[in-house]
Amino acid sequence: MSKLPAHLSNLPFPVIGSPLFIISTPKLVIAQCIAGVVGSMPALNARPAAQLEDWLAEITETLAAYNKANPDKPAAPFAINQIVHKSNDRLEHDMAMCVKFKVPIIITSLGAREEINAAAHSYGGVVLHDIINNKHAHKAIEKGADGLIAVAAGAGGHAGVKSPFALIQEIRLWFDGPLALSGSISTGDAVLAAQAMGADFAYIGSAFIATEEARAVDAYKQAIVDNDSDEIVYSNLFTGVHGNYLAPSIRSAGLDPANLPESDPSKMNFAAVDAKAWKDIWGCGQGIGAITKVQSTAEYVAQLKRQYAEARARLLERNYA
């Protein structure tokens with residue numbers, strides 16, 4: 001069994017909603033938490049920076065009021081994603097706001113920094129760090145992260161190329177702390193499979209884009225419903241870092257998804273084309289084939305829970321559990 005800190009030990013359901021750049025706002029975060037999964041958003045989604053304080057106040061106050069009214073069914077905790085990269089000139093300000101509001105979970109990406117981990121630990125917060133390989137996993141824990149998010153092949157946005165089987169088993173050889181798995185997870189069956197492999201939590205992003213509370217344009221949501229993994233393209237053209245994107249949005253930008261040039265990986269956030277990553281070029285993972293409609297977050301999480309229970313029951317029937 002993994003050693004889980006308090007914020008992660010009693011989740012209503014073993015799912016963490018991944019922070020979606022531009023798309024996640026308090027509306028989605030609150031809906032996720034009330035539905036029973038960890039809701040999250042990037043700090044950078046609050047623009048200008050001063051808006052982050054208002055958003056954190058809204059999330060904490062709304063969830064506190066909900067928990068007071070529903071003591072027998074409390075909401076899941078929420079998380080804020082910090083981009084720990086030299087290009088993020090807001091990091092110090094945004095982390096100060098997280099300390100002020102005692103954000104339960106901090107998700108760090110694109111770099112691991114001891115002072116960020118220490119700031120979260122100063123009030124009892126938990127830090128989960130995005131990694132794409134075992135080497136980065138070791139570095140994150142050495143610098144003080146509490147847990148890991150294994151971003152395997154098929155994940156939306158910036159993603160790795162490792163099979164989830166390989167990545168999870170390599171990490172579990174030496175790490176018994178909190179571990180979430182990201183990569184093509186959109187059903188309750190896949191949540192159970194992630195746990196069977198050794199992860200504590202499933203980390204789900206793309207499926208939440210196709211929810212009513214997500215701040216994504218309707219065409220983006222419908223593209224997730226209408227397409228499958230054949231329409232996901234892995235490229236570093238748009239940000240300098242390899243990621244998975246929806247082919248229809250690439251075509252709309254006047255580009256051929258099958259013939260994209262390579263970008264300079266040293267230039268994070270480098271705009272190699274006129275279309276903007278995330279806004280015009282839509283990040284998306286390979287698990288979207290199971291997403292068949294746009295629905296509320298509550299309906300989607302309820303669907304996950306049903307599928308999860310049914311998958312467990314099937315295993316018991318076959319005497320595999």
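The largest cavity in this predicted model has a volume of about 60 Å³. By the rule applied here, the count comes to one cavity of 30 Å³ or more. Its lining is made up of Ala207, Ala210, Thr211, Ala290, Ile291, Thr292, Lys293, Gln295, Tyr300 and Gln303, and these lining residues divide into five nonpolar, four polar and one charged.

In the lining of the second largest pocket, ten residues are nonpolar, four are polar and none is charged.

The strands come next, beginning with the parallel pairings. Strands β4 and β5 pair in the parallel sense over four bridges, and within this pairing threonine 108 has histidine 129 of β5 as its bridge partner. Strand β5 (residues 126–131) is largely enclosed by the rest of the structure, because five of its six residues are buried.

Serine 109 belongs to strand β4, which covers residues 105–109. With a relative accessibility of 7%, serine 109 counts as buried, because the cut-off for that class is under 20%. The side chain of serine 109 is joined to the side chain of aspartate 130 by a polar contact of 2.8 Å. Leaving aside residues up to four places away in sequence, serine 109 touches Asn81, Gln82, Ile83, Val84, His129 and Asp130.

Strand β8 (residues 179–182) takes part in two parallel pairings: one with strand β6 (residues 147–151), over four bridges, and one with strand β9 (residues 201–204), over three bridges.

A separate description is needed for the antiparallel strands. Three strands form an open sheet in the order β7-β11-β10, with antiparallel pairing. The strands β7 (157–158) and β10 (232–235) stand at its edges, and because each has a single partner strand, one side of each is left without a neighbour in the sheet. Strand β7 is joined by two bridges to strand β11 (residues 243–246), and the two run antiparallel; here histidine 158 stands opposite glycine 243 of β11.

| Pair | Sense | Bridges |
|---|---|---|
| β4 and β5 | parallel | four |
| β6 and β8 | parallel | four |
| β8 and β9 | parallel | three |
| β7 and β11 | antiparallel | two |

Notes
Residues numbered from 1 in each chain as written. Predicted model: local features only at pLDDT ≥ 70, side-chain atom pairs only at ≥ 80, totals over all residues. Heavy atoms only, no water. Nonpolar A, V, L, I, M, F, W, Y, C, P; charged D, E, K, R; others polar. Buried < 20%, exposed > 50% of the residue type's maximum accessible area, 1.4 Å probe, protein only. Polar contact = N/O pair within 3.5 Å; in protein donor to acceptor, adjacent residues only side chain to side chain. Contact = heavy atoms within 4.5 Å. Pairing = 2+ DSSP bridges. 1 Å grid on protein atoms, 1.4 Å probe; cavity = no way out; pocket = protein on both sides within 12 Å on 5 of 7 lines; lining within 4 Å. Points joined across faces, edges and corners; volume = space filled by probe spheres on them.
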